[in-house]
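Here are my notes on this model. Please keep the structure open while reading them.

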Amino acid sequence: MNYEPVIGLEVHVQLLTQSKLFCGCSTKFGEEPNKNTCPVCLGWPGSLPVLNEEALKLALKVGLALNCEISGRLKFDRKNYFYPDLPKAYQISQYDNPVNGKGWLEIEYKPNKAVILSPDAEASKMENPEAQGDSQKVQDDKKMITKKIGITRAHLEEDAGKLLHEGIAAASLVDYNRAGTPLLEIVSEPDLRSPEEAYAYLTSLKAILQYLEVSDCNMEEGSLRCDANVSIRKAGESKFGTKAEIKNMNSFKAVQKAIQYEIKRQTDLLESHERVIQETRLWNETKGQTFTMRSKEEAHDYRYFPEPDLVPFSISKETVEGIRKDLPELPVQRVDRFIKNYSLSDYDALVLVQDKQLANYFETAVAEKANPKLASNWIQSELLALVNSNKHTVETLPKFFPATYLAELLGLIENQTISGKIAKDVVAISYESGKSPGTVVKEKSLEQVTDTKLLESAADKIIAAHPKSVADFKAGKRQALGFLVGQLMKETQGKANPKLANEILVRKLS
Amino acid sequence: MSFEIEKIAGLARLHLKPEEAAKLKNDLEAILGYVKKLETLDTQNVSPTSHVLEIENVFRPDQVNPSQVRDEVLKHAPGREGNFFKVPKVVDK
């Protein structure tokens, strides 16, 4: 039996304000427990919440970027439940008049994501020395898929406090620093059909939020959280199956894995003629499984009602249009611009743009006259590999290897001072030492050998030393040439101009 | 008017004795019956009221204004550990 997964995501994102949603407490992360609390966020009788104007503005920015309907009439409601992380025993949220109504978001992804191989300069590549800087991305030729995902709503609400359970017997400890922090809950329609699509949705949503500068989207600090609603149904069926809500994923990869697991679990249930139960499940990263969260006997009954402590709000069309006018360039626009201005592929443009800092780095290098296509390749292969292997982040990349260095390096390759292979060593040394690529090349005498005489004598030596490969090549084995070129490169400590080395060997062997 | 007094009490974390439940059920029914009179009014052209005051758009600027009540509050908490509030163990939501 074929099943189709139906996935909807709920993303909670912390808005970048200085103070909380309804009081003047700081939103700073990592403060002493309960330092950022006051009578309002602790829910003392007689205290009154007042809306943070900036939080509403940030919420509207997101709404506009997600193409949401904005009615301009909004109010807040109380969502009632008892839990120690909620000092008032209700959360101020929005029920029937959210800031942002229905909208949509476009996702773009490549099915079975392209593998980016770190290219070991196998000899075979030497046969094609004109390949771009040797740093080739091996991509499948599958087309990018574009899909519109509906947004149900994006509403404002206050965060709850933080509970600590571990290592404490018979008690839980509560820190209310986070209670009252402004959150925007962004709810998607159940339009996602695979873990891959869910991942693509999160990546493009995060990119939008970062471009808007409304949140730092730090999953570790909890400023971006994601729950997934997952159900499956027989292929072709229009009715939804029973869903499970999955929580506790702390990375986009974890969301993808948890959904994957859940689809399999539900499929197995249906295949063995059992039923899926509507429940909340927790993802366990170590075990790679979801587990039932001990469920209450009764279903949640939040008894929403209008928050009497806050007045309603109306936002004028002019205000909304003013915010729209000030929206920055958004990822989708930047991708278009990268494709148009720099002749990048859809895929390359997307990879760069989805990380704002990476895209900025790229544009700085290009402004320094780097060849855009080469810059894109080198960033995505060598530079990201260095960032990852050093456990650095894209944010600190310019500190270790400024974009001007990249432009300089690509210049050295283009004017044939160094080969693409040597360039990789140069990048690594430069990244490590902070010296510019030009300096590294000079200090280590890494200039390419283009001296034909020298290369010819080296080629003679190689041909004499490898009669079998020579015979193989003459018998029509192309790979043998690769091997011989490789040997010649080795003989010259990798400094031979690969194109020239190739030509000389072919000439001598024919 | 049909409602389950036990369910409402449960949601409010109230533990009612049977005689209390019966009395409260009567009281609630009386109140709801009284309010029901409103349903006889024609509200076709009246928009729903979400607030009794006729004001809107009350904002505060995004400014930090530390309150420093923590120590006072913790003094009155039923349980504390360091700067944390201490509550009976809760595991799930």
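1. A nonpolar core here is a set of buried Ala, Val, Leu, Ile, Met, Phe, Trp, Tyr and Cys residues joined through C-beta atoms within 7 Å. A residue is buried if 20 or more other C-beta atoms lie within 10 Å of its own, with C-beta atoms placed from the backbone. The largest such core has 116 residues. Ala59(A), Ala198(A), Tyr201(A), Ala228(A) and Leu406(A) have the most contacts inside it. Helix 2 of chain A gives the largest share, ten residues. Domain 1 (3-113 + 140-322) and domain 2 (329-443) of chain A both contribute, so this core lies between them. Those bounds come from an automatic or database domain assignment.

2. The model is predicted: local features need pLDDT of at least 70, side-chain atom pairs count only at pLDDT 80 or more, and totals for chains, interfaces and linings use all residues. Residues are numbered from 1 along each chain as its sequence is written, and chains are lettered from A and ligands numbered from 1 in the order in which they are written.

3. Look at Tyr201(A). Leaving aside residues up to four places away in sequence, Tyr201(A) touches Leu9(A), Leu105(A), Ile107(A), Ile149(A), Ser188(A) and Leu192(A). Contact means C-beta atoms, placed from the backbone, within 7 Å. A second, separate core has 16 residues, among them Leu455(A) and Leu500(A).

4. Chain A has an open sheet of eight strands, order 6-7-10-1-11-12-13-14, with mixed pairing. Strands pair if DSSP finds at least two bridges between them. Helices (H or I, at least four residues) and strands (E, at least two) are DSSP runs numbered from the N terminus. Strand 6 (103-109) and strand 14 (289-292) of chain A are the edges; each has a single partner strand, so one side of each lacks a neighbour in the sheet. Twist averages 30° from one strand to the next.

5. Strands 12 (244-249) and 13 (279-284) of chain A pair in the parallel sense over four bridges. Lys247(A) stands opposite Leu282(A).

6. Which chain A strand joins strand 3 of chain B? Strand 9 (171-175) of chain A does, antiparallel, through four bridges. Val174(A) stands opposite Phe85(B).

7. Across the interface, 34 residues of chain B contact 41 residues of chain A. On the chain B side, strand 1 (59-60), helix 3 (70-76) and strand 3 (84-88) each supply at least two residues. Strand 3 of chain B gives the most, with five.

Terms used:
Contact = placed C-beta atoms within 7 Å. Axes fitted to C-alpha atoms, helices over the stretch in contact; angles between N-to-C directions. Buried ≥ 20, exposed ≤ 12 C-beta atoms within 10 Å, placed from the backbone.
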